[in-house]
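Dear colleague,

My findings follow it, and I would ask you to read them with the structure open.

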Amino acid sequence: MSSLASPSPSPSPSLSAPEAAEAAVMTSRPLSRRGVLAAGLGTALACAGVTSCGNASAGQGDPDGPLTFWSSLRGTDTLVAKWNATHPDDPVDFSPMTSGLAGGNAKLSNAARAGNAPDIVTIVDADLPSFAIDGVCADVTDLVTPRLRTQLGPQAWTNGKLDGRVYGIPLDLGPMLLAYRTDILDAHHIDVPTTWEEFHEAARRLKRQSGVHLTTFHPNAYNVLAGHAMQSGGQWFAIEGDSWALDFLDEPTRRVADYWQGLIDEDLLFVAPGSSQEWLSALARGRVAAHLVGPWGLAALASSVPGTSGRWRVAPLPQWDTGKPVLGTDGVSLHAITADSRRKERAMRFLDWMSTTPEAISARLSSGRSSLFPAAKNQVEAASRQFKTDFYDGQDLYGLISDQARLLRTGWTWGPRMQATATSLHNGLARLPYSTTITEALRTAQAETLPDLRSLGLKVRQA
């Protein structure tokens, strides 16, 4: 249970019923101070509109100048080079940045306060509410065309919206998957589990027969624990009227916590931080037989343990109820237009091209070292041609992921300060070897999140 750290026109003439429903949601009420923020907020938070506080033109220069773009995603340099070669009259200046938890979020926040934010920035889905509320990301609902809305679909737009408004353009989808060692399971005559009950039994048999752990629990992977809660039907954060409601221990999340705690208590899981040498060594030596991760992590796994190439395959994630299959998301990327940008329409044209055209995804993935799964259906075939699947014995990974992406749950909302919440949860989970439980870590994280949000002036309650 983990994530490898590395951690996303013309209007259509008519819309189908589902598309019309999605359009109605995306043009609903705006994110208001009353709807999400409490009265009495400080100036910095109260300026979350089309333009943030201070000098809106600071750092942006000539509105006719090049678009500025910050991103930590692999392949962005080749993507921008392709755009500039084909759109010489509308250039983009790309600047690489570190990922959010590695300092990218702080850099963006500081730049926004100083009026020096770029026109476009890459953020992860969990950070969207924070940047939207702080006024860093512009509300771009009215700039989203029916064509773009349709091409990306409801599963993707779930990640880019807050309170019915669009603050980020989705790039990829992240259905959780089960990557497993075929040689290890075959040697012990263990079938690939399709339910969590079967998964538990497979873990028991494998450990009893060989001493090998079926998979790993990573204490530093809040996103994967959240993905399991999504699948089970949990809802940690919700916007209800004029306040946020928190419930990290609703019944579906308790089921998830009890399940994984049971595996830990039986010593059926390898417990180690994601990307740690301890864990990578266990994978390389065949002491761990499976990895639960989103599509982007498949390339990371291949580069991390190249000596096991050809011994891995990928299967759908086990289900609680095979009659009603559903999946959670293991981290995806969004692209936001900043509130201070004076080039919003141009920025949206670039993001439309980047997020929907085959030539854009081909350019981004041309190094062959990324397994990103695009949200736009018409980019999937081009993306599949870029990622070599020798590590997975030539399996049609993108065909499998396409099927699984249809099962992604919609309606999940991340919290207003997920970095702080994640830190609290990670601190609690790190104490698992010292008699703390997953349930206790979740309870503590909720207890610490409540005053943190209230200190920001947010109206929040415990569900």
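Predicted model: local features only at pLDDT ≥ 70, side-chain atom pairs only at ≥ 80, totals over all residues.

Aromatic pairs

A search of the whole structure finds 21 aromatic pairs. One of them joins Trp196 and Trp320, whose rings are 6.1 Å apart centre to centre, with 45° between the planes, a tilted arrangement. Trp196 belongs to helix α9 (residues 196-210), while Trp320 sits in the loop between β13 (312-316) and β14 (333-337); the pair therefore ties together parts that are 124 residues apart in sequence. The two partners have these accessibilities: Trp196 is buried, at 1% relative accessibility, and Trp320 is partly exposed, with a relative accessible area of 27%.

Helix α9 also supplies Phe199, which pairs with Trp260 of helix α11 (residues 251-265), so this contact ties together parts that are 61 residues apart in sequence. The geometry of Phe199 and Trp260 is edge-to-face, at 6.0 Å centre to centre and 65° between the planes. Both Phe199 and Trp260 are buried.

Ring pairs also build a cluster, made up of Tyr222, Trp236, Phe237, Trp244, Phe248, Trp412 and Trp414.

Charges over rings

Which residue lies over the face of Trp320? Arg255 does, at 4.4 Å from the ring centre. Trp320 thus has an entry in both lists, as it is also the tilted partner of Trp196. Elsewhere, Lys107 lies over the face of Trp70, at 4.5 Å from the ring centre.

The sheet β12-β7-β13

Three strands make an open sheet in the order β12-β7-β13, and their pairing is antiparallel. Strands β12 (290-293) and β13 stand at the edges; each has a single partner strand, so one side of each is left without a neighbour in the sheet. From one strand to the next, the twist averages 25°. Strand β7 (residues 177-181) pairs with β13 over 5 bridges, and within this pairing Leu177 stands opposite Pro316 of β13. Helix α17 (residues 397-405) packs on the sheet, where it touches β7 and β13, and its direction makes about 20° with that of β13.

The sheet β9-β10-β15

A further open sheet of 3 strands has the order β9-β10-β15, with mixed pairing. Its edge strands are β9 (237-240) and β15 (460-462), each of which pairs on one side only. Here the twist averages 30° from one strand to the next. Strand β10 (residues 243-246) runs parallel to β15, and 3 bridges join them; the bridge partner of Leu246 in β15 is Gln462. Helix α19 (residues 438-455) packs on this sheet, touching β9, β10 and β15, and its direction makes about 160° with that of β15.

Ser424

Is Ser424 buried or exposed? Its relative accessibility is 8%, and it therefore counts as buried, the cut-off being under 20%. Ser424 lies in helix α18 (residues 418-429). Leaving aside residues up to four places away in sequence, Ser424 touches Thr444, Ala445 and Glu448.

With kind regards

Key
Residues numbered from 1 in each chain as written. Heavy atoms only, no water. Phe/Tyr/Trp six-rings, centres within 6.5 Å; stacked < 30°, edge-to-face > 60°. Helix = DSSP H or I, 4+ residues; strand = E, 2+ residues; numbered from the N terminus. Buried < 20%, exposed > 50% of the residue type's maximum accessible area, 1.4 Å probe, protein only. Lys NZ or Arg CZ within 6 Å of the ring centre and 35° of its normal. Pairing = 2+ DSSP bridges. Axes fitted to C-alpha atoms, helices over the stretch in contact; angles between N-to-C directions. Contact = heavy atoms within 4.5 Å.
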